[in-house]
Amino acid sequence: MRNILSTLFAFGLVTIASAQFEIRPHVGTNFQNLTKSEDGTEWKGNPGFHVGVNLMIGNQFFLQPGIQYVSSKSELTFVAAGSTSSSATLTTSALRVPAVIGYRFVDPSDEPLLNLRIFGGALANFPLNATFNEDGLEDVDVGSANYGLTAGAGLDISIFFVEAGYDIGLSNVFDDKDVTVDTKQNQFQVNAGLRLKLTQ
């Protein structure tokens with residue numbers, strides 16, 4: 001993780017002098033996939049939402065740091081011996097801080113109407129709150145931070161953009177002593193937003 005962040009920082013120093021700058025506010029939806037659960041249980045992702053802003057720095061090659069408020073939901077289904085299935089919903093909120101590098105297939109200085117791009121990098125999630133709705137609301141300890149990798153693709157359409165990406169968790173989500181399995185947080189995201197150019 002440290003090597004990835006060092007590479008992103010070095011890339012930013014090289015490109016920032018002659019770079020274009022864009023602020024990209026956006027909203028979107030997400031589907032959280034928690035990788036492991038206790039025996040006899042299974043996680044199922046439900047739709048969540050997020051809102052945030054990215055700063056795009058560069059031309060065809062670019063650096064894109066950002067921050068998002070993310071609300072995600074997962075349903076934990078379990079079966080007791082001789083009884084029917086029951087479930088509880090885990091709702092989490094966090095600050096997601098990605099830092100990615102990417103490539104636009106057309107030079108943005110040519111001001112194309114459409115421009116496809118790809119990106120990848122690292123991210124950190126800083127939990128704000130986590131609750132189960134099983135027999136009322138019950139707080140869950142999700143620790144101070146977890147880390148991962150992210151990759152995706154986007155399409156710039158005039159002053160708008162859409163994009164989709166996938167996060168792969170690298171660290172355990174839960175610090176709760178009652179959770180004995182090492183659970184990673186993966187997440188699929190779809191975003192739409194505006195391109196606010198600061199330089200031409």
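Guide: Start with the second largest cavity. In this predicted model, β8 gives the largest share of that cavity's lining, five residues. The cavity has a volume of about 140 Å³. It has 15 lining residues, and the closest to its centre are Arg96, Phe119, Glu163, Gln189 and Asn191. Elements that give two or more residues are β3, β4, β8 (160-169) and β9.

Visitor: What makes a residue part of the lining?

Guide: The test is distance. A lining residue has an atom within 4 Å of a cavity point. For the second largest cavity, the lining divides into five nonpolar, seven polar and three charged residues.

Visitor: How do you know that a space is a cavity and not a pocket?

Guide: A search of the whole structure finds three cavities of 30 Å³ or more. Two or more lining residues come from each of β1 (20-34), β3 (61-79), β4 (85-104), β5 (114-132) and β9 (185-194). β4 has the largest share, five residues. By class, the lining holds eight nonpolar, nine polar and two charged residues.

Visitor: Back to β8. Which residues are on its covered face, and which on its uncovered one?

Guide: The covered face has Phe161, Glu163, Gly165, Asp167 and Gly169. The uncovered face has Phe160, Val162, Ala164, Tyr166 and Ile168. In a regular strand, side chains alternate between the two faces of the sheet.

Visitor: Why are β7 and β8 called paired strands?

Guide: At least two bridges are needed for that label. β7 (residues 146-157) and β8 have 10, in the antiparallel sense, so they count as paired. One of the bridges joins Ala151 to Tyr166 in β8. β8 also pairs with β9, again antiparallel, over eight bridges. There Tyr166 stands opposite Phe188 in β9.

Visitor: What makes Ser158 worth a look?

Guide: Its phi. The angle is near 55°, a positive value in a residue other than glycine. Ser158 lies in the loop between β7 and β8. That hairpin has two residues between the strands.

Visitor: Is Ser158 buried, exposed or partly exposed, and what is the reason for the label?

Guide: Ser158 has a relative accessible area of 36%. Buried needs under 20%, and exposed needs over 50%. The value lies in between, so Ser158 is partly exposed.

Visitor: Why is Glu111 called exposed?

Guide: The cut-off for exposed is over 50%. Glu111 has 53% relative accessibility, so it counts as exposed. Glu111 lies in the loop between β4 and β5. It has a positive phi of about 50° although it is not a glycine.

Visitor: How do you know that Arg117 and Glu163 form a salt bridge?

Guide: The nitrogen and the carboxyl oxygen must be within 4 Å. The closest N and O atoms of Arg117 and Glu163 are 3.0 Å apart, so the pair meets the rule. Arg117 lies in strand β5 and Glu163 in strand β8, so the bridge ties together parts that are 46 residues apart in sequence.

Notes: Residues are numbered from 1 along each chain as its sequence is written. This is a predicted model: local features need pLDDT of at least 70, side-chain atom pairs count only at pLDDT 80 or more; totals for chains, interfaces and linings use all residues. Side-chain values use heavy atoms; hydrogens and water are left out. On a 1 Å grid over the protein atoms alone, a cavity is a set of points where a 1.4 Å probe fits but cannot get out, and a pocket is an open set with protein on both sides within 12 Å along at least five of seven lines; lining residues have an atom within 4 Å of a point. Grid points are joined across faces, edges and corners, and a volume is the space filled by probe spheres set on the points. Helices (H or I, at least four residues) and strands (E, at least two) are DSSP runs, numbered from the N terminus. Ala, Val, Leu, Ile, Met, Phe, Trp, Tyr, Cys and Pro count as nonpolar, Asp, Glu, Lys and Arg as charged, and the others, Gly among them, as polar. Buried means under 20% relative accessible area, exposed over 50%, partly exposed in between (1.4 Å probe, protein chains only). A salt bridge is a side-chain nitrogen of Lys or Arg within 4 Å of a carboxyl oxygen of Asp or Glu.
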